[in-house]
Amino acid sequence: MAAHRAGVSADVLTRRPDLLRFGGRRLEEVYFAFQFDEHGVRPDVGRVVQTLKATSDDVDIADWLVRPNRELGLSRPLDHLTCGGSAEHVIAVARTAGPRPRPTEVAVATPGSQPAAPRARRAERRRLRPRHSPAWHSG
């Protein structure tokens, strides 16, 4: 269906860097409908998507495009583009108030280099707390 709307073959569609996809190993790959209009792929949305894909995941970009944004006067970035706003302006807004960045690789910590887990921190606070503080006793 998406390939038909874009006016290209499914093989070409899967290689386009300007389209957001959702799917996984067991799910069929799907494309968000807001990326297409009666002429095929929306070039304004494609420019924004291609720029944001360098730092964010497809689902996070899609979510950001359809949520009201304070920097755009509470307009959704997608609506801003639909009403004639420039892709460059939306990209500039995304740089300061854009989608959540893709998590970076976490290095495996060596023993002692990682902060204590919450349970260990609570145990340490209890151990250091005075047992017979006047503020804790009545009478």
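Me: Starting with Arg 16, what's its relative accessible area?
Reply: Arg 16 comes out at 24%, so it counts as partly exposed (buried is under 20%, exposed over 50%, partly exposed in between, with a 1.4 Å probe and protein chains only). This is a predicted model, where local features need pLDDT of at least 70 and side-chain atom pairs pLDDT 80 or more, while totals for chains, interfaces and linings use all residues. Numbering runs from 1 along each chain as its sequence is written, and side-chain values use heavy atoms, leaving out hydrogens and water.

Me: Got it. Which residue does Arg 16 form a salt bridge with?
Reply: Asp 18, with the closest N and O atoms 2.8 Å apart (a salt bridge is a Lys or Arg side-chain nitrogen within 4 Å of an Asp or Glu carboxyl oxygen). Asp 18 is buried, at 12% relative accessible area.

Me: How many salt bridges does the structure hold?
Reply: There are 9. Among them is Arg 42 with Asp 44, at 3.1 Å from N to O. Arg 42 is buried at 11%, and Asp 44 is buried at 14%. Another one joins Asp 57 and Arg 102, with 3.0 Å between the closest N and O atoms.

Me: Where do Asp 57 and Arg 102 lie?
Reply: Asp 57 is in the loop between α3 and α4, and Arg 102 is in the loop between α6 and α7 (118-128), so the pair ties together parts 45 residues apart in sequence. Asp 57 is partly exposed at 31%, and Arg 102 is partly exposed at 35%.

Me: Switching topic, what's the overall pattern along the sequence?
Reply: It reads α-α-β-β-β-β-α-α-α-α-α, with 7 helices and 4 strands (DSSP runs numbered from the N terminus: helices are H or I of at least four residues, strands E of at least two). Of the 139 residues, 30% are buried.

Me: What does α3 pack against?
Reply: The buried residues of α3 pack against α4 (58-65), α5 (77-82) and α6 (87-97). Helix α3 covers residues 43-52, and its buried residues include Val 45, Val 48 and Val 49. Val 48 is in contact with Leu 65, Leu 81, Ala 87, Val 90 and Ile 91, leaving aside neighbours within four places in sequence (contact means heavy atoms within 4.5 Å).

Me: Which residues touch the most other members of the largest nonpolar core?
Reply: Leu 20, Phe 34, Val 48, Trp 64 and Leu 65, out of 18 residues in that core (a core is a set of buried Ala, Val, Leu, Ile, Met, Phe, Trp, Tyr and Cys joined through side-chain atoms within 4.5 Å). α3, α4, α5 and α6 each give two or more residues to this core, and α6 gives the most, with 5 residues. A second, separate core has 7 residues, including Ala 3, Leu 13, Tyr 31 and Val 41.

Me: And Gln 35, what's its relative accessibility?
Reply: It's 0%, so Gln 35 counts as buried. Gln 35 lies in the loop between β2 (30-31) and β3 (36-37). A polar atom of its side chain is 3.0 Å from the backbone oxygen of Phe 32. Not counting residues up to four places away in sequence, Gln 35 touches several residues, including Asp 18, Arg 42, Val 45 and Val 49.

Definitions and conventions:
A polar contact is a pair of N or O atoms within 3.5 Å; within protein, one must be able to donate a hydrogen and the other to accept it, and residues adjacent in sequence count only if both atoms are side-chain atoms.
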